[in-house]
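Me: Could you walk me through this protein model? I'd like to learn how to read it bit by bit.

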Amino acid sequence: MHGQVERWDQLAAAELDAAVIDPNDLPGRKNRYIARLRNAAILEAVRPLLSQDDVVLDFGCGNGGISSQLSVTGCWTLGVDISMGLLKRTGERNLGRKSAFVRYDGRHLPVRAASFKAAVTWVVLNHILDDAELHHLLVQIRASLVPGGRFVAIEQVRRRPTVDRTAWQHRRTIEGFIALFNAAGFRVEETAIVRYGRLPMTYAIRYGWLSERHHESVARWERRIGRWLGVLPWDYCDVRFVLSVDSPAPP
Ligand SMILES: C[S@@+](CC[C@H](N)C(=O)[O-])C[C@H]1O[C@@H](n2cnc3c(N)ncnc32)[C@H](O)[C@@H]1O
């Protein structure tokens with residue numbers, strides 16, 4: 001955990017999206033596309049559930065990109081993360097008055113049971129290498145939700161699991177994630193591929209051959225390809241898991 005905190009603290013100095021997406025994308029076109037797609041996919045899944053003044057947990061909030069989008073819906077957000085460097089930069093986001101952020105140790109979620117209507121996360125569970133550690137955190141996230149609540153997680157998956165310890169990255173399979181979610185007491189409502197890592201369209205956006213006005217149609221194509229072809233053998237993809245909590249957490 002120690003090395004991982006340092007890694008994110010170092011990345012925190014980069015431009016806001018680059019710090020949490022791809023620090024090598026200097027013009028930032030690809031990062032803008034990914035951030036937009038991330039925000040749309042998260043909001044689409046939680047918005048129908050939320051009313052004004054509901055509280056949402058932004059797990060592994062980084063520098064507050066998702067919280068800033070959620071604040072537009074009028075709900076309250078609590079962002080938790082392990083990196084003080086990233087959390088310090090949340091002040092540069094457009095957040096309003098209903099967002100709070102907390103640094104924690106990465107193991108013991110500092111929240112009370114049944115506090116949130118929804119929890120969201122984007123590419124954070126991937127950075128928890130050990131399955132037992134991830135299980136422990138998922139049980140805590142589940143307990144933090146009210147019955148009827150929802151957890152929306154977008155995570156990178158592969159056809160076979162891969163672990164890259166230098167990048168603190170464990171890309172599990174869809175089935176691997178589902179087993180972990182079920183073991184923590186979630187019911188899986190939906191899994192959908194929302195983005196691929198290395199489609200030619202992504203490079204076209206990165207190098208400026210496709211502009212921002214093409215973002216929506218590229219995103220639609222990514223979902224279609226996801227439905228038709230699933231996880232490609234040579235690529236990773238971002239999968240949105242929509243998970244629900246049907247009953248109170250066991251004591
Ligand atoms: C790829 S960034 C995503 C940040 C944010 N979710 C976003 O969409 O901008 C991964 C984040 O996971 C955080 N992280 C890594 N391990 C964590 C843990 N055990 N608990 C909470 N956050 C963690 C990192 O500090 C970093 O902010």
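Reply: Strands (E, at least two residues) and helices (H or I, at least four) are DSSP runs, numbered from the N terminus. This is a predicted model, where local features need pLDDT of at least 70, side-chain atom pairs count only at pLDDT 80 or more, and totals for chains, interfaces and linings use all residues. Residues are numbered from 1 along each chain as its sequence is written.

Me: Which residue is the bridge partner of Phe59 in E2?
Reply: Strand E1 covers 55-59, and strand E2 covers residues 76-81. E1 and E2 pair in the parallel sense over five bridges. Within E2, the partner of Phe59 is Val80.

Me: How many of the six residues of E2 are buried?
Reply: Buried means that 20 or more other C-beta atoms lie within 10 Å of the residue's own; 12 or fewer makes it exposed, and in between it's partly exposed, with C-beta atoms placed from the backbone. Strand E2 is largely enclosed by the rest of the structure, because the number of its six residues that are buried is five.

Me: What is the strand order in the open sheet of seven strands?
Reply: Strands of a sheet pair through backbone hydrogen bonds, either parallel or antiparallel. In this sheet the pairing is mixed. The edge strands, each pairing on one side only, are E3 (99-103) and E8 (187-196).

Me: At what angle does helix H3 run to E5?
Reply: Helix H3 (residues 29-46) lies across several strands, including E1, E4 (116-122) and E5 (145-157). Axes are lines fitted to C-alpha atoms, for helices over the stretch in contact, and angles run from 0 to 180 degrees between N-to-C directions. Contact means that the C-beta atoms of two residues, placed from the backbone, lie within 7 Å. For H3 and E5, the angle is about 155 degrees.

Me: Is Val124 buried or exposed?
Reply: Val124 is in the loop between E4 and helix H6 (131-144). Leaving out residues up to four places away in sequence, Val124 touches Phe59 and Gly60. Val124 and Gly60 are 64 residues apart in sequence, yet 5.8 Å apart in space, C-alpha to C-alpha. Val124 has 21 other C-beta atoms within 10 Å, so it counts as buried.

Me: What is phi of Val123 near?
Reply: Val123 lies in the loop between E4 and H6. With 18 other C-beta atoms within 10 Å, Val123 is partly exposed. Its phi is positive in a residue other than glycine, near 50 degrees.

Me: Where is Trp168 found?
Reply: Trp168 also has a positive phi, near 50 degrees. It is partly exposed, with 16 other C-beta atoms within 10 Å. Trp168 sits between strand E6 (162-164) and strand E7 (169-171), in the loop.

Me: How many residues surround the ligand?
Reply: A residue is near a molecule if its C-beta atom, placed from the backbone, lies within 6 Å of it. The closest are Val20, Gly60, Gly62, Gly106 and Trp122, and the number surrounding the ligand is 19.

Conventions. Pairing = 2+ DSSP bridges.
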